[in-house]
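Please consult the sequence and the structure shown here before reading the points below.

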Amino acid sequence: MREVILAKSAGFCFGVQRAVDTVYSKCGCENVYTYGPIIHNEEVVKDLEQKGVHVINNADELPESSTVIIRSHGVSRKVYDELADRSSEVIDATCPFVLKIHKIVREESSKGSQIVIIGNEKHPEVEGITGWSISDTYVVDTKEKAENLSLDKNRTVCIVSQTTFNYNKFKELVEIISEKGYNIIIRNTICNATEERQTEAREIAKRADAMIVIGGSSSSNTRKLYEICKKECDDTFYIQTMNDLDLKSLGRAECIGITAGASTPNNIIEEVYTNVREFCRDVRGIN
Ligand code: F3S
């Protein structure tokens, strides 16, 4: 009998749900903006545009008497101050787990520690974290960068992580840095939501003959989920919505797994799940 497994951890995490709810609660108000797209999902961003919530990418774009919402990734202190200067209201929907990293970086850097962020330097969350440090700060995401890292041995090194970074890779990079003999404080700030989603996706992909990963094309956590699943299951498909999925490509897979990134809305996940289940029933009918 064919089986379709939907990951329990698929879709919005707590922080994203909170940020999206915050924005939807402001729909219908005048002059509401989000600083950057509220989540990495084009469908949701389009829907919000239609409801009058616009995206700005720079504080200069804010008109007077506007409300601006900071997304779950958070922003640097400089950006926060610029937004506060220009708008009449700043609503900070930064995920509390990201705020915790800002706090660590702010406090440790003010004590003079060197800061190492394990993450992708181009990711807005990492740019935001970097912007709370007042000391020298380094971003590391590869073995090579970890090996080449040369820090002051007389000062403490504080290592934090981007919340969505892969845990095994984090461990590997921290090990390389630890071998250099620095006085190190390691704060594993990877969010549980990410770990749980990745672990569950891996377990399902091991059992599945075909695996579907749903998420926006620019969502880094969805891409990581895809990589994890692809390692375990050759027939892994990365889709943004049901429109991208050719059901025939699932062939006669006996077990089909479905998971989704942290910024994938429930209605999109439900639509894929329903269609895949119906497809499996129909194929069984033909057999
Ligand atoms: Fe927050 Fe974790 Fe989501 S850090 S935004 S709950 S992935």
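The model is predicted. The largest pocket holds about 420 Å³ of space, and the second largest pocket about 190 Å³.

**Largest pocket**
- Its lining comprises 16 residues, and Asn166, Lys169, Lys224, Glu227 and Ile228 are the ones nearest the centre of the largest pocket.
- Two or more lining residues come from each of α7 and α9 (220-232); the largest share, seven residues, belongs to α9.
- By class, eight of the lining residues are charged, six are polar and two are nonpolar.
- The largest pocket lies between domain 1 (3-11 + 192-283) and domain 3 (97-186), because both give residues to its lining.

**Second largest pocket**
- The second largest pocket is lined by Tyr35, Gly36, Asn57, Arg71, Gly74, Val75, Ser76, Val79, Lys122, Pro124, Glu127 and Gly128.
- Helix α5 (residues 124-130) supplies the largest share of this lining, three residues.
- Five polar, four nonpolar and three charged residues make up the lining of the second largest pocket.
- Domain 2 (14-93) and domain 3 (97-186) both contribute to the lining, so the second largest pocket lies between them.

**Thr163**
- Thr163 is located in the loop that runs between β8 (157-161) and α7 (167-178).
- Thr163 counts as buried because its relative accessibility is 7%, where the cut-off for buried is under 20%.
- Leaving aside residues up to four places away in sequence, Thr163 touches Val98, Ile101, Glu125, Thr189, Ile190, Cys191 and Thr194.
- From C-alpha to C-alpha, Thr163 and Asp47 are 27 Å apart in space, and they are 116 residues apart in sequence.

How values were computed:
Residues numbered from 1 in each chain as written. Predicted model: local features only at pLDDT ≥ 70, side-chain atom pairs only at ≥ 80, totals over all residues. Heavy atoms only, no water. Helix = DSSP H or I, 4+ residues; strand = E, 2+ residues; numbered from the N terminus. Buried < 20%, exposed > 50% of the residue type's maximum accessible area, 1.4 Å probe, protein only. Contact = heavy atoms within 4.5 Å. 1 Å grid on protein atoms, 1.4 Å probe; cavity = no way out; pocket = protein on both sides within 12 Å on 5 of 7 lines; lining within 4 Å. Points joined across faces, edges and corners; volume = space filled by probe spheres on them. Nonpolar A, V, L, I, M, F, W, Y, C, P; charged D, E, K, R; others polar. Domains from an automatic or database assignment.
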